[in-house]
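Could you walk me through this structure in my viewer, one selection at a time? I'd like to know what to click on next and what I'll find there.

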Amino acid sequence: MARGLRSILVKSLAFVIPLIVCSILTNILMTKDPMRYFDGEYPWYRENGEYAEGHEDYCRVLIMGDSVSKSAWLPSELSEDTYNFAIGGASPIEEYYCLSEYLQNNDAPEYLLYSQMPSHFIDAECFWTRGVYFHRIGMPQVLDVYKTIKSITGEVGESFSIKRILDIPLYYSYSPIYYTSAVLKGTIAGREQTNRTAYQDVIENKGHMYFGSNNGQKICAFSIVDGEHFQCDALIDIYFRRIIELCEDHDIKFVYQSCPLSEITYSDIDNMIIREYNAYMEALKESYPNAEINAELFYYSDDLFNDDAHLSEAGATRFSREMCDKYAYIFCEESDA
């Protein structure tokens, strides 16, 4: 019996010790030089976190949302004191914590403009693979999400199932289970120079950047909802409302503005989805009469897009100029001051 236990112990150690060594090595490499190892979206998440930690010039107009928002709103076409604080893939869950952090370290803006694709009201698909993976969302925030889930009577999406709790220590210890690929690719190919260039570009453009590359490919329809109905996820709804309420607490005017869909996407949407989406937005208007919610879905021609969802330079310029006119009370205030 003793010999059997020793054999089991030796085999266990033979498995556990290499795993511990790999974990320590991965942690050292990823924390020491993340620009070298992380993929191409890391620079934008890093810049977003650094801007939240503090910046010199006052930001009067803060733009938030997902990649659609990040590519559509051009600060250069709006005002000198506008900053695009959106991050690709973000849902209102991540954005609530980003805004909370921002307000802890900076003077509150006068206006917050928020845009996102309708699909991010249904699923926080990048919460783990972007927000947590890049450590933009800290462990206390993730634990707070699960605390919030306990207060919800209905079901939440698969992204926040109970089994995902086991991922928390793996991500925040830079476990090789999730970070080996980044270490290998960064070691072999080296990503630092590309990442640093992207990092400098997004700083120079006040948080704005483009997604996709319009090289003449055919733009296809983008599924804004996977299914026949629009139903906002219960957890996401809580956090979207928290964003609005956080703005109210800090005397920030909250404005939701939808971004254009491609024409082929708009023509592909079922009328039932549009009605249910509009009904959800109307309910928000009733709940928050001081917020301005302009959620009507509309489209631009397909040739103004870099890909199925994101505007090209010409599309972003058109959209930003139209928004500058539409919200003249926001963007003309600077010159009238």
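Start by selecting Tyr42: at 9% relative accessibility it falls under the 20% cut-off, so Tyr42 counts as buried. Keep in mind as you look around that this is a predicted model.

For another geometry, select Phe298 and Tyr300. Their rings are edge-to-face, with 5.9 Å from centre to centre and 70° between the planes. Phe298 is partly exposed, at 23% relative accessibility, whereas Tyr300 is buried, at 2%.

Stay on Tyr300 and bring up Arg318: its charged end sits over the ring of Tyr300, 3.9 Å from the ring centre. A further arginine to visit is Arg242, which lies over the face of Tyr96 at 5.8 Å from the ring centre.

The structure has two cavities of 30 Å³ or more. To find the largest, select Val68, Met117, Cys259, Pro260 and Leu261, the lining residues that lie nearest its centre. This cavity holds about 130 Å³ of space, and its lining of 18 residues divides into 13 nonpolar, four polar and one charged.

Finish at the second largest cavity, with a volume of about 40 Å³. Select Ile93, Ile122, Asp123, Ala124, Gly157, Phe160, Asp233, Leu235 and Ile236 to show its lining: six nonpolar residues, one polar and two charged.

Notes: Residues numbered from 1 in each chain as written. Predicted model: local features only at pLDDT ≥ 70, side-chain atom pairs only at ≥ 80, totals over all residues. Heavy atoms only, no water. 1 Å grid on protein atoms, 1.4 Å probe; cavity = no way out; pocket = protein on both sides within 12 Å on 5 of 7 lines; lining within 4 Å. Points joined across faces, edges and corners; volume = space filled by probe spheres on them. Nonpolar A, V, L, I, M, F, W, Y, C, P; charged D, E, K, R; others polar. Buried < 20%, exposed > 50% of the residue type's maximum accessible area, 1.4 Å probe, protein only. Phe/Tyr/Trp six-rings, centres within 6.5 Å; stacked < 30°, edge-to-face > 60°. Lys NZ or Arg CZ within 6 Å of the ring centre and 35° of its normal.
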